[in-house]
Amino acid sequence: MKKYLLFLSLIAFNSQLFAQFPGGWGKKKGPSIKGKIEGRILDSLTNEEVPFATISLKKAGSDKIINGTLSEDNGKFKLGDVITGKYDIEISFLGYENKLIPNVETTLKNPDVNLETILFSPSSIVMDAVEVTEERALVENKIDKIVFNAENDASIAGGDATEVLRKVPLLSVDLDGNVSLRGSQNVTILINGKPSGMFASNKAEALQMFPADQIKKVEVITSPSAKFDGEGSAGIINIITKRTEINGFAGSINASVGNRQSNSFLNLNAGKGRFGFNSSGAVFYSHPIDATNSFNRESLVDGQQVIAMNSGITNTSRLGFNGSASAFYDFNAFNAINSSINFRGFGFDRDGTTTGLLDNPTINFLDEFTRDNTSNSLTNGFDWNTDYTKKFEGQEDREWSISAQYSGNVQNQDYTIDEIHNLEFLNRNEIVNNEGDNREYTLQTDYVHPMGKGGKIETGIKGVLRDISSDYEYFENTAQGNVLDNERSNFFEYNQDVISGYAQVNFLLAKKYSVTSGLRYEHTEIFGDFQNGESTVSNKYDNFLPNITIARGFSGFRNLKLSYNKRIQRPSLQFVNPFNNQSSLYNQSIGNPELEPEITHQVELGYNFNVKGFMVFATTYYKITNDIIESIISVDDAGISINTFGNVGTNNSVGLNLFTSKTINKITVRGGGNFFTYNASGVVNGQELEANDVLYNIFFNGDYKISSSFKADFFGFFRSNRRTLQGVNPSFSIYGIGVRKEFKNSSIGIRVVEPFHETKSFDSAIEGSDFVQTTGFTLPFRSIGVNFRYKFGKVDFKERKSKIKNSDLKQGEGDGQSGGGNQGSGGSRGRN
């Protein structure tokens, strides 16, 4: 034993002696060990994480890449199996300036290197004269979403959310505020990554009451992963507001005055150490406007022509408010709780006069009438969220969370109808009340576990319970007072429960490809019941929703992405509510409680590149939607039309999205569009129909930097007619310009929309087997407004988001018909 100890001691002594000489007494390979290089990438302007950035490892002074990875959702990255030595780290991502970190050294003593926080600067690329500016690009194309940074756009000041969404690539918004993504209105809208009850009844009206100045940015996700709800067959729109958690105290005041609409917004933030608080409030007012409308329908009954027509003027005004408060507390570095509540309310007042007739020669019937309509719609609601998050010591990427949400939304609609006919027995003086109530209870838990090099497994379960009701009453105004009409009045209760679970894996393949693959399971149970003896509605179904995305980043700002997903679209109360809106006696509307969900399969291939200073984003896609939900119209022999919804058939759509931008000196111009086919076939009112069309929406916008503190913006948007199996609805276009002057703690801006068109007109045409219907309306459009912003305080920002994202209801669809704006939670649609 002593001999072995003596032998080992001699070896150790000789090794130490050898190390004292520069080359030793001959060539000898030293010891080696493998370590890791890690860090976290943040945007230098916003301090937000930068996911999917490409990190390349090179030998110091060499251009040869020997290892690489992509940053994760939280901006972190890790390069493993790194042999000791000196390296250069290069970081690149579309829309950012390449960053080189030279001479990063790992040694035998310190084989692991943590680069901590790395600030990544957005870039402006100019081929004629390169200029890098520290201002976030207006539009960013990330690997999993398109981002529109609304706070950088001066031309939206004083407007509402619909004006912001019209400028976002891939989106289109019609006159009524209905949002489409790639031609489909089956989108889910989130606020700060969370669902909001404000969209449970009528998202078009809700968006029009949401001040644009509250919006920081808009994210569009066309291929959501399994961790998102399966709802929203077209994709997800996430609106991020100017609300963050902070360290310090600060606030801002924002006010706008215009000839069409005015609003004001106040935001206050306070935080210190592990506790923070945020609150905000806004008021929005749309000035009264007079809109003219016309309606004409010709139907064929027993070989004779039946004509219904009317025209009139409607005065409309809007008033709304919203507010929020949130707080967080970090118990320690591994446990935190976050809670927030927001509340809102908005109302619409309409006052109109209509004249019209119904001529039905088959029964020798000719009726002429004059109608005075007054309607008041008031919506109010709230969302309360609480999240608890636990992280694990020594495993930064491992996380468990549990979240709860309670939402309520109430919409009261009151109509007064005073109608005088030449056939006196048809005269009516009625009051109609429709109260819709939507309550949602959500509980979910999620777990993230790191896996290998840059990989992770995510899993979770979720339950959503919806209690929805519609209480509608008809009163006849008689000499004895208001008398309830029991035959037309009823109470409808509708319950929709969704239980879901998902598993998802993210990993790197061959050190070049980022792969996300998952499967989501959703079980749905539906039950609806009338208080007064009508039939009940009952249904249950199970859906397995797979998805996979493969992405690769290349040098020179190039990215390639291929994805597939399956999505579901359940109808919301607006579609299923059986309330029969008879505000127009000869043109009625009613929901359909027996609607089935839509199922969509989508494949998309995207490629982003830079050529001669032009940033180009291109995506082609194919999607097939079964049981598509569309508005349908039928006309009976008496000449009365019924507007409702149905699962009409299947739509196969092929599309191409393009977006490009170019900066030359102080001018940046952006443009693009969505071009897609509508190839639908199905059965409507017992008739087999087929429609094929090529549709589009095109946009352009840009900005001119007059100076470092003075900026001008311009925009334009053009959308083709929207198709259904029965016909076409109006096209839409809008353009405008804005300028803004920045001061130290404040700014002032002016915006003008449609300066050369005081009014605009919109027409639609619907055709059935035995009728043709056309509608038109004209309303004031030119607008001008002034906006003022003031900021105070100085803080450090730290954004927090809830885990809950309820995104599983098909929302409204406007058909552009006269008086066809959605009436909200009651599911009714005003008709002339």
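Okay, so let's start at the turn between β33 and β34: these two strands make a hairpin with two residues between them, and Asn 685 in that turn has a positive phi of about 55°. When I say strand, I mean a DSSP run of E at least two residues long, numbered from the N terminus, and helices are runs of H or I of at least four residues. Before I go on, this is a predicted model, where local features need pLDDT of at least 70, side-chain atom pairs count only at pLDDT 80 or more, and totals for chains, interfaces and linings use all residues. Residues are numbered from 1 along each chain as its sequence is written, and side-chain values use heavy atoms, with hydrogens and water left out.

β33 pairs with β34, residues 687-707, in the antiparallel sense over 18 bridges; pairing here takes at least two DSSP bridges between the strands. Val 684 sits opposite Gln 687 in β34.

What is its strand order? It goes β4-β1-β7, an open sheet of three strands with mixed pairing. β4 (76-83) and β7 (112-120) are at the edges with a single partner strand each, so one side of each has no neighbour in the sheet. On average, neighbouring strands here are turned by 20° against each other, direction ignored, going by lines fitted to C-alpha atoms, with angles between N-to-C directions running from 0 to 180 degrees. β1, residues 34-43, runs antiparallel to β4, with six bridges joining them, and Ile 37 has Leu 79 as its bridge partner in β4.

One residue I'd like you to click on is Asn 547, in β27, residues 537-554. Is Asn 547 buried or exposed? It counts as buried, because its relative accessibility is 5%; the cut-offs are under 20% for buried and over 50% for exposed, with partly exposed in between, using a 1.4 Å probe and protein chains only. Leaving out residues up to four places away in sequence, Asn 547 touches several others, among them Pro 224, Thr 516 and Tyr 564, where a contact means heavy atoms within 4.5 Å.

Zooming out, the protein has four helices and 42 strands, and buried residues make up 56% of its 832 residues.
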